[in-house]
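Subject: Structure handover

Hello,

Here is the structure for you to look at. My notes on it come after the display.

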Amino acid sequence: MNKERREKFIQPLSDGVKKSYITLWKKIDIYEKEIGKEFEDFTVDDFNKFVKTKLIKGSAKSTNVKVSLLKRYTEHIGCDFIQLDYEAVRNMVDDCLKEKRIEDENELRYVSMDELSIATNRLTNDIDVAIVYLLRYGISGKRFTELINLKTKDIDFENKVIKLKNRKVKIDDRMCYILKYAIKQSEYYVIKDLDKEIPKAESYELNMNSDYLIKPKPRSDNDFGLSSYKDNGLIGRLFRIMQELGIGISSINLLQSHATDEIIKYEEELGREISTKECSDYLRKIGSRQSGEDIISMKKWLKKKYKE
């Protein structure tokens, strides 16, 4: 009965909206079997858990679109268990991504430049390749503000330096090459259904008048692509980039790998190993937000691996 009701509801809708509902019905079917209850009989708590476990895959805006579509259906059939507004959805997405980052932080994983060079061949967008390498160079900031605020004029190709607000980062020829291609990219491709044999791709034009290296999708709320990325939007995008890389790493792993390289170099300059406190102090000095304890652990793991 409910299946027929759902099919009848989407019948007069446009093909694009129909496809969105069909995708949502499939997710609902899976969750219904997991909890032994039909969607139309959900409680507020059931629906909120469904959103957390099945709908959150990227940004708060994309999640909110899915929630809004389902709310349109539930209102049509007289159900009121969907009580999430955009603010609540955004908080839920933030919490889920925060939990994912905490999991990532607990798993140390060193990523060499050689490994990264191979892995980034899987990425579709030159800008995404640049983002991954910028993270490996330790460029991040609190909630990725260094990435978000990076402008093309901050990149000095002649002297091979990226000028940030409080520091300068030296780059090599490979990084210059990657950044030049990223700056030239005028169309961004969004890869969907990565878990399927043939993923889907959608694209949109970037506003090439933007001063920023990482340009958002042009919309009225970002001055049609001239403004910088929002931090929540970039966090969602980073999640998708790491999925597309497909080697089981996170942005935290890239930042930790950079910090480890810097500590190894620092110890070589001093001619001795440093303590956890000295490590933490030096990391703060060079603008890294990584834990001294984690970096010392990663350094020890690397040395053990090389000995073997």
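Predicted model: local features only at pLDDT ≥ 70, side-chain atom pairs only at ≥ 80, totals over all residues.

Helix α10

I started with α10, which covers residues 231–245. This helix has 15 residues and spans 21 Å from its first C-alpha to its last, close to the 21 Å expected at 1.5 Å a residue. It is mostly covered, with 11 of its 15 residues buried. Among the buried residues are Asn232, Arg237 and Glu244, along with Leu234, Ile235, Leu238 and Ile241. After the helix comes Gly246, with a positive phi near 70 degrees.

Helix α7 and its two partners

The axis of α7 (residues 126–136) comes within 11 Å of the axis of α10, and the two cross at roughly 95 degrees. The angle falls in the range of 65 to 115 degrees, so α7 and α10 are roughly perpendicular to each other. On the α7 side the contact uses Ile127, Asp128, Ile131, Val132 and Leu135, and on the α10 side Arg237, Leu238, Ile241, Met242 and Leu245. Sorted by class, this contact has 8 nonpolar, no polar and 2 charged residues.

α7 also packs against α11 (residues 251–270), at an angle of about 45 degrees and with the axes 7 Å apart. That angle makes α7 oblique to α11. Here Val132, Leu135 and Arg136 of α7 meet Ser251, Leu254, Leu255, Ser257, His258 and Asp261 of α11.

Phe144 sits in the loop between α7 and α8 (145–148). Is Phe144 buried or exposed? Its relative accessibility is 8%, so Phe144 counts as buried. Leaving aside neighbours within four places in sequence, Phe144 is in contact with Leu135, Leu234, Ile235, Leu238 and Ser251. Phe144 and Ile235 are 91 residues apart in sequence, yet their C-alpha atoms are 8.0 Å apart.

The β1-β2-β3 sheet

Three strands make an open antiparallel sheet in the order β1-β2-β3. β1 (155–156) and β3 (168–170) are the edge strands; each has a single partner, so one side of each is left without a neighbour in the sheet. Strand β2 (residues 161–163) is joined to β3 by 3 bridges, and Ile162 stands opposite Val169 in β3.

The loop between β1 and β2 holds Glu158. Glu158 has 73% relative accessibility and therefore counts as exposed. Its C-alpha atom is 9.4 Å from that of Cys176, a residue 18 places away along the chain.

Most residues other than glycine have a negative phi. Asp223 is at 43% relative accessibility and so counts as partly exposed, whereas Phe224, at 52%, counts as exposed.

Regards

Conventions:
Residues numbered from 1 in each chain as written. Heavy atoms only, no water. Axes fitted to C-alpha atoms, helices over the stretch in contact; angles between N-to-C directions. Helix = DSSP H or I, 4+ residues; strand = E, 2+ residues; numbered from the N terminus. Parallel < 35°, antiparallel > 145°, perpendicular 65-115°, else oblique. Contact = heavy atoms within 4.5 Å. Nonpolar A, V, L, I, M, F, W, Y, C, P; charged D, E, K, R; others polar. Pairing = 2+ DSSP bridges. Buried < 20%, exposed > 50% of the residue type's maximum accessible area, 1.4 Å probe, protein only. Expected span 1.5 Å × (residues − 1).
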